[in-house]
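Colleague: I'd like to get to know this model before I plan around it. Could we go through it together, one question at a time?

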Amino acid sequence: MALDEEALMWVEKYRPRNLNEVVDLRDIVESLKAFLRTPRTMPHLLLAGIPGTGKTTVALCIARELFGQNWKTFTLELNASDERGIDTVRDRIKDFSRYSRAGFGNVPFALIILDESDQMTGPAQTALRRIMETSSRTCRFILICNQSGKIIEPIQSRCAIFRFSKLDKKAMVDQLECIAKKEKITLSPEAAERIVEYSEGDLRHAINALQTASVFRDGVVDEKTVLQVVGEASPKQVQVMLNKALNGDFIEARKVMYELIGAYGFSGSEIVRQMQRELLKVSYLSAEQKAELTNIIGEYDFRLTQGANSDIQLSALLAQFAKVGKSKGESN
Amino acid sequence: MKDDFLWVEKYRPKKIAEVVGNEEAKATFVEWLKNKRHTKKAVLLYGPPGVGKTALVNAASNEFGFRIIEMNASDTRTEKAINKVAGPATSFVALDKFSTESKGNLLFLDEVDGIAGNEDRGGVSAIVKIVEESRVPVIMAANDPDLEKLRPLKKVCALIRFQQVRIPLIIAMLRRICIMQHVEAEFEALERIAQNSRGDVRSAINDLQSLAEEKRVLTLQDTMMLSSRNRDISMYETLKGFFSAKSLAEASTLLSRSSVDYDDLLLSVSDNLPLRYTDSRELAEAYDLVSKADVFRGRIGTENWHLLKYFFNCLAQAAAVAPQSCKSFELISPPIRIITLFWTKGKRTALATICAKIGARCHVSRETAKHDFVPFVKIMLEKQKSNPINSWLKLELEEVDYLVKMGKF
Amino acid sequence: MVVLNKKAFKLPRVEKEKFILLLRLGLEYDREQGSFCISSYNNIERLLDTISSILNDEKVMFLQNCILCGRDFPCSDCKYYDLCSTKNLPFHCVCTQCLKEGRAYEDSDK
């Protein structure tokens, strides 16, 4: 097995390996290069932006720039939503800083990349700030998040903040065409458009869709194939659940909800998020009804964060849908 | 017209004189309050439930103008939690400055005998310590102070005993409520309610409300449906009673009587709600209330038990959304969530492992892997099971199988 | 059967230990009047039994005081005698008269 074996998921295979390869983020890259020229001046970093806009890529590039081929030895990658709590985070950081004490070459520190740091609770973030302080001699942190507003002030003030914005459509299309060429597959312009539309600014999503579509018809990706893939990859069950509820079949809708939680491990907030998305696609509801239901979703989304049982909140939400659905039936 | 209020709330005593029964205990309590030279700075009010212990404390605070810091000790576990609530409060007013004229603070610990043996390590001694270190008077209430574990408490406080409220007094009190609610009640009806209550004023008022709520006239015949009171009601009986409650008061009494676990109850109520309310409007309304109850449960967490009354209030309201549509049905048991989570555990674990592998390879979290990668990987593997990505992702054969067979979510 | 008034009642002379017991069970002694009154009701049942034993095991009853009209009356008059868990004990109550007249519980200032 090769040391850096060829990655077979295209999102990884075509991930830029150094900052020069990163297109469309010129300003960010230029500022970062300044720090990288004299590494000991590099502060903690906070990379913020919607998913699939290059934050992780940039963080990994920084690691490579600093440490070269053995960057993995001097970099700890953590994901806040995967760890069970701030204590496990602290333990892993402690263990890591013990092994990589002096840094490498003219880089006097090791790197800790903490992804999804906005998923951490307030108290956990406070503890994180303390950890950042106590290990600041030997470690630099790169925090990655979707919403910088969810990061507490004391952490924000200790970081240089870089904001990643949604990639524009043309840039995404260019990327897809570039990959298509390298993989020797045919990608029609309409298909590329469709993929970019569907991904809503998330390049990672787009590349996954492209790769999946290429498997469908032996390397020929046209609009039809894309629509097929998009259709198959979209969450079905939420749509099914929604329709059953709107039809007044509460008990069946609730069964689907429990399946999503039980068999797929969906979280309450994830289900609500999908419900909102699917709601907009429902053809047989008027704009007023959709607006009303959106309000209701908002209310229960909030209650999810306060309440003790997500399945109870979701059931209550489905019951509200059943009520609106019933009144739609009556007015028809 | 349905009265939204519980009569026990509406006619809650605001002055000491309004508390029915136990005149002697009331007098002793007031004397304790007024006495500047406290021999004991803590007092323990004890006696059967519903006879006016808590009502007296609240009425006195209202009348004399002192502030109560309340804590339901029976649900507060461990020393830490108790001190967290009662700690700061005890350093307020110096004891000798306390008088009934000035606005002072009092610490009120309700249901101290609820402190169980093992679970609440240090519970009783923590309370004793609070009493000893407290600089404000401490009032405690208990149902049964003869328990061995409360012995240390008895040393540091004065005891005031409450008795069952006598039947003639209850009748007279019920009569007062009837007058204010413009209900004409037959003497025999009030008599029956009073007799049935076994000295518990609270349940007498609840019974009165549940029988007289919709009526102008209350006859003896109406009271025949009063079942005899059963102290410990099981989950099955609680649910049965809950879903056949004809009024808010009835549901409320039932819940206060039941000793079932709150969380189990909440879950079972949620499960069975659509069987009780088949009309979608009623179901939506009832579920909204259950959702609110769940929010309160969330806010209670493990220590804010003073919010429990709001939890029960919401549940009781959920039972009484549409009394007229009451029907009997087969209860769902065990809870849907428990069964579902149980037999889908294998699936969840399998999916979680797969997501972890994807996450490790693609630098994403497991959650992101689940929603942004799995659907695509699944399609690719469906088309081509031997697709080399599965070995790059280090997926086992069963995992590939699982992904392919897994229903589209 | 002996009927006592809780505000003040006399008992035959007893030995010191019994006397101390009575005080512990909730009685107070007025030296001038030579009578007892009840100061604490916490052990009222036991107190009643003790007093009864002092009075040659006669049944002891205390008068009840009507909270509505202020009259003193014995429990034996009461319709609910058998159902009452505090019968004959010196507590407040509502007399049969007031009950029959349909008087309601008022928050009178006492």
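Colleague: Where pLDDT stays under 50 over residues 85-103 of chain B, how many contacts beyond four places in sequence does the model have?
Modeller: Residues are numbered from 1 along each chain as its sequence is written, while chains are lettered from A and ligands numbered from 1 in the order in which they are written. pLDDT is the predictor's confidence in each residue, from 0 to 100, and two residues are in contact if their C-beta atoms, placed from the backbone, lie within 7 Å. For residues 85-103 of chain B, with pLDDT under 50, the number of contacts beyond four places in sequence is 38.

Colleague: And how many contacts beyond near neighbours in sequence does the stretch 116-121 of chain B have?
Modeller: The pLDDT is below 50 over residues 116-121 of chain B as well. Where pLDDT is low, the predicted coordinates should not be read in detail. With that caution, the number of such contacts in the model is six.

Colleague: Which element of chain B has the highest mean pLDDT?
Modeller: Chain B has a mean pLDDT of 80, and 83% of its residues reach 70 or more. Elements here are DSSP runs numbered from the N terminus: helices (H or I, at least four residues) and strands (E, at least two). The lowest mean among the elements of chain B, 47, belongs to α4 (residues 78-89), and the highest, 95, to helix α13 (residues 280-300) of chain B.

Colleague: Which element gives the largest share of the side of chain A that touches chain B?
Modeller: The contact involves 50 residues of chain A and 46 residues of chain B. Elements giving two or more residues to chain A's side include α3 (55-67), α12 (250-262) and α14 (287-306). The largest share, ten residues, comes from α15(A).

Colleague: What is the distance between the end C-alpha atoms of α12(A)?
Modeller: Residues buried in α12(A) include Phe250(A), Val256(A) and Ile261(A). The expected span of a helix is 1.5 Å times one less than its number of residues. The 13 residues of α12(A) should therefore span 18 Å, which agrees with the distance in the model, 18 Å.

Colleague: Which residue is the bridge partner of Ala48(A) in β5(A)?
Modeller: Five of the six residues of β1 (44-49) of chain A are buried. Two strands pair if DSSP finds at least two bridges between them. In β5(A), the partner of Ala48(A) is Arg163(A).

Colleague: Which strands stand at the edges of the open three-stranded sheet in chain C?
Modeller: The sheet has the order β6-β5-β7 in chain C, with mixed pairing. Each edge strand has a single partner, so one side of each is left without a neighbour in the sheet; the edge strands are β6 and β7 of chain C.

Colleague: Is Asn88(C) buried or exposed?
Modeller: Asn88(C) has a positive phi of about 70° although it is not a glycine. Asn88(C) lies in the loop between β6 (72-73) and β7 (92-93) of chain C. Because Asn88(C) has 22 C-beta neighbours inside 10 Å, it counts as buried.

Colleague: And Lys394(B), buried or exposed?
Modeller: Lys394(B) also has a positive phi, of about 65°, without being a glycine. Lys394(B) sits in the loop between α18 (389-392) and α19 (397-405) of chain B. Because Lys394(B) has 11 C-beta neighbours inside 10 Å, it counts as exposed.

Note on methods. This is a predicted model: local features need pLDDT of at least 70, side-chain atom pairs count only at pLDDT 80 or more; totals for chains, interfaces and linings use all residues. A residue is buried if 20 or more other C-beta atoms lie within 10 Å of its own, exposed if 12 or fewer, and partly exposed in between; C-beta atoms are placed from the backbone.
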